[in-house]
Amino acid sequence: MDFGNTKAALVLEGGALRSFFTCGVLDFLMEQDIYFPCVCGVSAGSLCAISYLSRQIGRTAKVNLSFVNDKRYLSLKSLVKDKMIFNFDFLFGEVSHNLVPLDYDAFYDSKERFAAFVTDCETGKSVAFEKGKCSNIMRACAASSSMPLLSKMFELDGKKYLDGGISNPIPFEWAFDNGYEKVVLVLTRDINYRKKPNSKLLIKAYEHTYKEYPELLKTVYNITDHYNSLAEQIVELEKQGRVFVIRPEKPVKVKRTEKDTKKLEALYEEGRQTAVRRIDDMKKYLGIS
């Protein structure tokens with residue numbers, strides 16, 4: 001589909017395996033040959049974006065359904081041994097090269113701008129790594145998806161990074177700042193969802209783990225208020241017609257590390273059917289046909 005002169009960006013929220021909703025949305029967009037000029041991915045949203053940009057319908061869902069109960073991919077053993085509850089070495093290694101191959105040529109040759117968002121552990125600030133501009137976009141996506149406490153920090157070009165959702169869970173402001181006038185958000189929570197304050201036990205775990213990173217801790221303390229503020233802003237921007245939002249229509253019961261494949265398949269289908277219902281309104285918003 002030709003966007004013409006429309007400067008449009010697609011922003012993909014994270015949520016670990018709640019991103020099955022996003023998979024369903026993106027697979028339908030690919031079936032309709034809709035590829036946004038710019039794609040912004042945070043955490044699991046960045047992983048979903050990879051198969052979208054490589055034009056591989058169904059790949060992200062297949063990877064997770066095939067390996068979500070495989071200890072090589074998701075396990076407490078991996079968390080203890082490799083300090084990653086999701087084993088990104090396995091995902092970007094054997095899975096992407098042999099088991100469910102990623103079309104690397106298609107991904108790197110794709111003309112779309114792609115930014116994966118991470119959190120700089122020294123500054124606590126959001127950083128956007130772009131395909132074709134950073135030294136290793138796959139490692140940037142792994143860093144973007146490295147959940148605090150459940151993943152190690154990832155080094156890239158001499159700096160340490162964690163999950164992009166810590167500092168910038170829904171980077172629509174980056175899209176606006178970079179000149180994108182039309183912004184479509186794919187969210188993994190319903191319109192009424194708001195984060196609850198972190199428990200004292202969780203805060204102590206953060207403080208123990210990241211005591212050498214005071215700026216990161218400041219950002220972590222602000223996760224709840226920041227996310228809820230963004231959620232309120234999105235509701236208002238949607239009312240004003242400035243953004244278009246595709247989100248679950250009811251509360252999502254799937255956990256971040258969900259292992260029930262039937263629940264994951266149902267969430268995937270929910271995402272797909274939501275996109276089917278919203279496609280005409282989205283095209284109207286974008287001014288394309």
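**View 1. E112 and its partner R55 in the predicted model.** At 4% relative accessibility, E112 counts as buried. The model shown here and in the other views is predicted. E112 forms a salt bridge with R55, and the closest N and O atoms are 2.8 Å apart. R55 lies in the loop between α2 and α3 (59-67), and E112 in the loop between α6 (104-109) and β3 (113-120), so the bridge ties together parts that are 57 residues apart in sequence. R55 is partly exposed, with a relative accessible area of 34%. K111 joins R55 and E112 in a network of salt bridges.

View 2. Helix α2 spans residues 44-53 and is mostly covered. Ten of its ten residues are buried. Among them are L47, C48, I50, Y52 and L53. The buried set also includes A44, G45 and S46. R55 follows α2 and has a positive phi, near 65°.

**View 3. Two further salt bridges.** The structure holds 14 salt bridges. One of them joins R72 and D70, at 2.7 Å from N to O. R72 is partly exposed, at 38% relative accessibility. D70 is buried, with a relative accessible area of 17%. Another salt bridge pairs E270 with K250, the closest N and O atoms being 3.7 Å apart. E270 lies in helix α12 (residues 261-286) and K250 in the loop between β8 (243-246) and α12, so this contact ties together parts that are 20 residues apart in sequence. E270 is buried, with a relative accessible area of 17%.

**View 4. Aromatic pairs, with F88 and F154 in focus.** The count comes to 14 aromatic pairs. The ring centres of F88 and F154 are 6.0 Å apart and the planes stand at 70°, so the pair is edge-to-face. F88 is buried, with a relative accessible area of 4%. F154 is buried too, at 2% relative accessibility. Elsewhere, ring pairs link Y104, F107, Y108 and F114 into a cluster.

**View 5. Lysines over tyrosine rings.** K182 lies over the face of Y285, at 4.5 Å from the ring centre. K195 lies over the face of Y227, at 5.0 Å from the ring centre.

**View 6. The largest pocket.** About 690 Å³ of space lies in the largest pocket. Helices α9 (200-209) and α11 (223-240) each supply at least two lining residues. The largest share, three residues, comes from α11. By class, the lining divides into 13 nonpolar, seven polar and seven charged residues.

**View 7. The second largest pocket.** The second largest pocket holds about 180 Å³ of space. Its lining includes L149, L150, S151, K152 and M153. L79, K83, L162, T209 and Y210 also line this pocket. Six of the lining residues are nonpolar, two are polar and two are charged.

Key. Residues are numbered from 1 along each chain as its sequence is written. This is a predicted model: local features need pLDDT of at least 70, side-chain atom pairs count only at pLDDT 80 or more; totals for chains, interfaces and linings use all residues. Side-chain values use heavy atoms; hydrogens and water are left out. Buried means under 20% relative accessible area, exposed over 50%, partly exposed in between (1.4 Å probe, protein chains only). Helices (H or I, at least four residues) and strands (E, at least two) are DSSP runs, numbered from the N terminus. A salt bridge is a side-chain nitrogen of Lys or Arg within 4 Å of a carboxyl oxygen of Asp or Glu. Rings of Phe, Tyr and Trp (its six-membered ring) pair if their centres lie within 6.5 Å; planes under 30 degrees apart count as stacked, over 60 as edge-to-face and the rest as tilted. A charge sits over a ring if NZ of Lys or CZ of Arg is within 6 Å of the ring centre and within 35 degrees of the ring normal. On a 1 Å grid over the protein atoms alone, a cavity is a set of points where a 1.4 Å probe fits but cannot get out, and a pocket is an open set with protein on both sides within 12 Å along at least five of seven lines; lining residues have an atom within 4 Å of a point. Grid points are joined across faces, edges and corners, and a volume is the space filled by probe spheres set on the points. Ala, Val, Leu, Ile, Met, Phe, Trp, Tyr, Cys and Pro count as nonpolar, Asp, Glu, Lys and Arg as charged, and the others, Gly among them, as polar.
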